Each structure stands twice: as structure tokens, then as C-alpha cells.
Amino acid sequence: MKEISLGSWEGHKKLDIENLYPDEYNAFWNTAHLYKPSNDGESFSQLQNRIIPTVLEIINRHKGGNVLIVTHAIALKVIMAYFRGDSFEKLWNPPIIQPTSLNKVVIRDTEYNIELYGDTSHYKTVRKAVGAIVFQGNEFLIVHKLLNTHKDSRVWDFPKGGVEDEDLSPKDAIMRELFEETGTDKYVIKQELPGKINFYFDNEIKKKIGYEYQETTMFLVEFVGNQNDLKPCGEEIDEILLINSKNLLDKLSHKETTEYIQNHCLFLLN
């Protein structure tokens, strides 16, 4: 079954779509029940109306048997919403549908029993991420994160984020992440740093995001703008700070990050 049609959005970068269609983009990802595309694509109800009759036809054709349906992430979300009886208002509630995740519905007469939903227990998932140690003179840029993939939120950290499908390379990913978190692209990548920041997610976060482990590639980046260029992201970041190198390690919230600097990047603090 084909994935949801995104109309004229298809083939474009996520960030470009967000900038050109901010209201529709926000509705797509946050209020699916209010998403009304103007891009010649499908709404979620149109998608459900297209694929559910086919799913039910397949089920009726194989009553008493087992059926395997292979399709795409949003199509699966809509299918599972139908069997769970969920409104589209709940469409993006966890779990995230990861590649090859399993969903199992047992049907007895007209009763649907959900046995698996977004299950990834058959393989270990590694979230690829990037981060930037950003400097300007003897100061370093850190951000205060309201939302975080760690269990604890409201933490001070370097700009970091997951690598996304549309990123052409890790360097492309970190430049996108810097713009999303700080509102400016006035950065110059100096080098990819040695080693990586690695950690396991706790069970609560693992269930929410579908990943077990994160591997973060770090870059040394120079900020070439001025402080007026820095604009925190309202949903994730509420404060950006340029901090003197002698206070940096004490300000960072995550042990993995301070250990990374001590093991690989002490030359930056001299």
C-alpha cells in the first residue's frame, strides 16, 4: 500500500517545507486531526479512506488465516489508529514506527486485539546523532533544552540532534541542527572531532522513541555571528549562553558530554 501523498512537498527538504508552510507543517506533525493540505496531497482521513477498505478486503479474503501486510510508517499509523479506535488527534502518540517494526492485530469476529504496536524487540536500534562544540574566542555556546531524549529535561548541553533522512551528510545534519536550535546559520565547521558520545536510553525513553542506544558524532564549529543573531527555538530551546571556557565543564548537565571533553578535547579549554 502506498504511503500518504504529500503532493508538492515531495522531493523537498523538511526545513524548507517548515519555512514555506509553517501552519500546515505544524498541523501535520502536531494536530493531525486539523491537517488540511493545500499541496494537492492527502489528509490523514483521505489516507485512511483509501487504505482501510483494502485492508478489510484482504482480511475477509483470508478469514481464519494469517496475513502479512508490508507498508509505510504513516500508513501503518493510520491502520493501527483504525484498529485501536483512536482519533487522529492521537495519531502521533508513541510509539514511533521504526523501519521493520512489527504490528500485530488478532481478529476474532468483530473484536480487534492489539498484541504488538511499533515493536522493535527483534533488533537493536542505534540512533545516529550529531553535536557541535561551538566556540567564539574563548567562549563556548551551549543551549538550555526544555525537551530532551534523555529522561531529564531542562538541561544545559551543546547543540545536538538526530540525523534525519534528508540530511546529505553528518556535516549537513549539524548545520541544520544548529539553525533549528539557535535560529542562525552563521557557523563554520572546523573539523570532525575524534571519538563519539555514546549512551543507552532508559526503558521509558526507549519505548517512546524506539531507539536503544545513541551514537553522537561531534564537530568543532566556530560561531561567526554576534549574540543578536541567536534566537532560541521556542519548543525545545529556551535559552542560549556563551560561557567562558573555565566554567564550561561545571555548566554542562550530562556526564557523557563532560567525559567526552576530558577524554578527547581538553585542548579546547587551554
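Reader: What volume does the second largest pocket have?
Author: About 240 Å³. Keep in mind that this is a predicted model.

Reader: Okay, and which residues lie nearest the centre of the second largest pocket?
Author: Those are G118, T120, S121, K206 and K207, out of a lining of 14 residues. Two elements, β2 (111-119) and α6 (203-209), each give two or more residues to that lining.

Reader: Which element gives the most to the lining of that second largest pocket?
Author: α6 does, with four residues.

Reader: How many of the lining residues of the second largest pocket are charged?
Author: Four are charged, alongside six polar and four nonpolar ones.

Reader: Which helix has the largest share of the lining of the largest cavity?
Author: That's α4 (residues 73-84), with three residues. By class, the cavity lining has four charged, four nonpolar and one polar residue.

Reader: P94 was in that list. What kind of peptide bond joins P94 and P95?
Author: A cis one, with omega at about 10 degrees. P95 sits in the loop between α4 and β1 (102-108).

Reader: Changing topic: N39. Where does it lie?
Author: In the loop between α2 (22-30) and α3.

Reader: Why does N39 count as buried?
Author: Because its relative accessibility is 2%, and buried means under 20%.

Reader: What does N39 touch, leaving out residues up to four places away in sequence?
Author: L6, G7, S8, W9 and E24. The C-alpha atoms of N39 and E24 are separated by 9.5 Å, and the two are 15 residues apart along the chain.

Reader: Which backbone atoms lie by a polar atom of the N39 side chain?
Author: The backbone oxygen of L6 lies 3.2 Å from one, and the backbone nitrogen of G41 lies 2.8 Å from one.

Reader: Next, Q48: which helix is that in?
Author: α3, which covers residues 44-61. Q48 is buried, with a relative accessible area of 17%. Not counting residues up to four places away, Q48 touches P53, V78, A81, Y82 and F88.

Reader: Last one, α5. How far apart are its end C-alpha atoms?
Author: They're 18 Å apart, which agrees with the 18 Å that its 13 residues (170-182) should span at 1.5 Å a residue.

Reader: Which residues of α5 are buried?
Author: A173, I174, R176, E177, L178, E181 and T182. The buried residues of α5 pack against β3 (126-136), β4 (139-145), β6 (160-162), β7 (187-200), β8 (213-223) and β9 (237-244).

Reader: What follows α5?
Author: G183, with a positive phi near 75 degrees.

Methods: Residues are numbered from 1 along each chain as its sequence is written. This is a predicted model: local features need pLDDT of at least 70, side-chain atom pairs count only at pLDDT 80 or more; totals for chains, interfaces and linings use all residues. Side-chain values use heavy atoms; hydrogens and water are left out. Buried means under 20% relative accessible area, exposed over 50%, partly exposed in between (1.4 Å probe, protein chains only). Contact means heavy atoms within 4.5 Å. On a 1 Å grid over the protein atoms alone, a cavity is a set of points where a 1.4 Å probe fits but cannot get out, and a pocket is an open set with protein on both sides within 12 Å along at least five of seven lines; lining residues have an atom within 4 Å of a point. Grid points are joined across faces, edges and corners, and a volume is the space filled by probe spheres set on the points. Ala, Val, Leu, Ile, Met, Phe, Trp, Tyr, Cys and Pro count as nonpolar, Asp, Glu, Lys and Arg as charged, and the others, Gly among them, as polar. The expected span of a helix is 1.5 Å times one less than its number of residues. A polar contact is a pair of N or O atoms within 3.5 Å; within protein, one must be able to donate a hydrogen and the other to accept it, and residues adjacent in sequence count only if both atoms are side-chain atoms.
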